[in-house]
Amino acid sequence: MSNTRVKLTKTFIDQLELSPAIYRDSELIGFAVRVNSSYKTYIVEKKVKGKSVRSTLGLHGNITLAQARDLAREKLMQMTQGVNPNESKREVIAKEKAKTELNRSIPSLYEAYENYIAHKTLKERTLSDYSIVINKYFEDWKNLKLDKITRSMIQARHTELSERSKAQANMAMRVYRAIYNFSVEHYLDENDKPILESHNPVRTLNNKNAWNKVRRRKTYINEDQLPDWIKAVFEYEDRGQYLETNRDFLLTLILTGFRREECESIAWSSIDLKYKRITSIDPKNGEPHTLPMGDFLYALMKKRRANVQSNWVFPSAKSESGHITNISKVRTKINESCGVKFTFHDLRRTFGSIAENLDYGRYTIKKLLNHKEDDDRDVTAGYVQVSDKKLREAMNAIEDIILAPNKSYYIKKYT
């Protein structure tokens, strides 16, 4: 290779044959052209911390001679300051590689969703809600990486969904918030650090006070409507329903205040006919909720136990679970027959409303409804034990109001 110093010009470089050699510039010391058998490359050469360093600037033809000189001056200045451009280049390449690998590891929304539900124990209804949110409300976001879903996108989608349903818009954002928070802790780099920004983009709705204010339903069956509703329930007939399962289910709902899901899945192992108790599993906190049965409900359960062979109190041959699930068609027919519109949760609110108006203490009412104390400072709540006698008295009082004035008649005829 040649050690000749020449004034590097475009004409000179263009005419060089592709034979291995280095041509060093006579004007800018350290700047040169390196020629090999297939291309020509601009380079810089200089000692850095006592060690000879050669660094490539670019291919002749890809950059101009003027551009190469400017780059050479910049690199030579850095080398004078002890900076090795090759090491800097390797650091840049390593960072870009790490960034690329990180981007590959950041999950898409759908990947994060699948990972979330795989690691969480969620109820069937919750899984259904999550599926609706991901596959309907966020369908066009499913393949986006979580770090590409911005605050402004969250705001715009919440506004869009709110035009259809304020409650559903809020629910969608709560689902996204849960998935994102889980992903922050789940997806970590090699140093056990989160690869996602810890600031959840849904927090923008808090900061801008943009959450929809959704009023809780407060509907229930008024006492003056109860006789018509009870009559319609007792007179309701199902084809093939010789066990009167749907009728008895609705009566159990209103006479216990249980939530629909917990009442549907009551097994006979949860019915204590000896001590007249009924137990459900609260779907919100997963804890058992045991109540003494009133006289009518006890007679009803005795009748069902004598006639039902299933493990479930309210069996269904059509359901995969083996018990009834969401008998909305039955509810609609009863709505139409008596003119009293109600939801399943209205029956719980009706039970609660009647209980609240009885002359019992708040601890008794909370026990009936399985409500937790809102104030952790109320240490008395931890010591108050409401007796079965008091609770059974209250359950019978609630039955008296719901079945009035024909409770005794109903016990004789329908149980």
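Visitor: How many residues does helix H16 have, and how far does it reach?
Guide: In this predicted model, helix H16 covers residues 388-403, which is 16 residues, and reaches 22 Å from its first C-alpha to its last, close to the 22 Å expected at 1.5 Å a residue. That expected span is 1.5 Å times one less than the number of residues in the helix, and helices (H or I, at least four residues) and strands (E, at least two) are DSSP runs numbered from the N terminus.

Visitor: Which residues of H16 are buried?
Guide: Among them are Leu391, Ala394, Met395, Ile398, Ile402 and Leu403, and the list also includes Asn396 and Glu399. Buried means under 20% relative accessible area, exposed over 50% and partly exposed in between, with a 1.4 Å probe and protein chains only.

Visitor: And what does H16 lie across?
Guide: H16 lies across E7 and E8, and runs at about 75° to E8; axes are lines fitted to C-alpha atoms, for helices over the stretch in contact (heavy atoms within 4.5 Å), and angles run from 0 to 180 degrees between N-to-C directions.

Visitor: What order do the strands of that sheet take?
Guide: The order is E6-E7-E8, in an open sheet of 3 strands with antiparallel pairing, where two strands pair if DSSP finds at least two bridges between them. Strand E6 (271-272) and strand E8 (288-292) are the edges, each with a single partner strand, so one side of each has no neighbour in the sheet. E6 is joined to strand E7 (residues 277-281) by 2 bridges, and Asp272 has Arg277 as its bridge partner.

Visitor: Switching to the core, which residues have the most contacts inside the largest one?
Guide: Those are Trp229, Leu250, Ile334 and Leu368, in a nonpolar core of 56 residues; such a core is a set of buried Ala, Val, Leu, Ile, Met, Phe, Trp, Tyr and Cys residues joined through side-chain atoms within 4.5 Å. The elements giving two or more residues to this core include helix H9 (226-235), helix H10 (245-256) and helix H13 (328-338), while the largest share, 7 residues, comes from H16.

Visitor: What does Leu250 touch, leaving aside its neighbours within four places in sequence?
Guide: Leu250 is in contact with Trp229, Val233, Val330, Ile334, Phe342, Phe344 and Leu347. There is also a second, separate core of 31 residues, which includes Ile106, Ala112, Val175 and Ile195.

Visitor: Now the other sheet: how many strands form it?
Guide: There are 5 strands, in the order E1-E2-E3-E4-E5, forming an open sheet with mixed pairing. E1 and strand E2 (residues 21-25) pair in the parallel sense over 2 bridges, whereas strand E4 (residues 40-48) and strand E5 (residues 51-59) are antiparallel over 8 bridges.

Visitor: What sits between E4 and E5?
Guide: The two form a hairpin with 2 residues between them, and Lys49 in the turn has a positive phi of about 55°. Within that pair of strands, Tyr42 has Gly58 of E5 as its bridge partner.

Visitor: How should I read the numbering and the cut-offs?
Guide: Residues are numbered from 1 along each chain as its sequence is written. Local features need pLDDT of at least 70 and side-chain atom pairs count only at pLDDT 80 or more, while totals for chains, interfaces and linings use all residues, and side-chain values use heavy atoms, with hydrogens and water left out.
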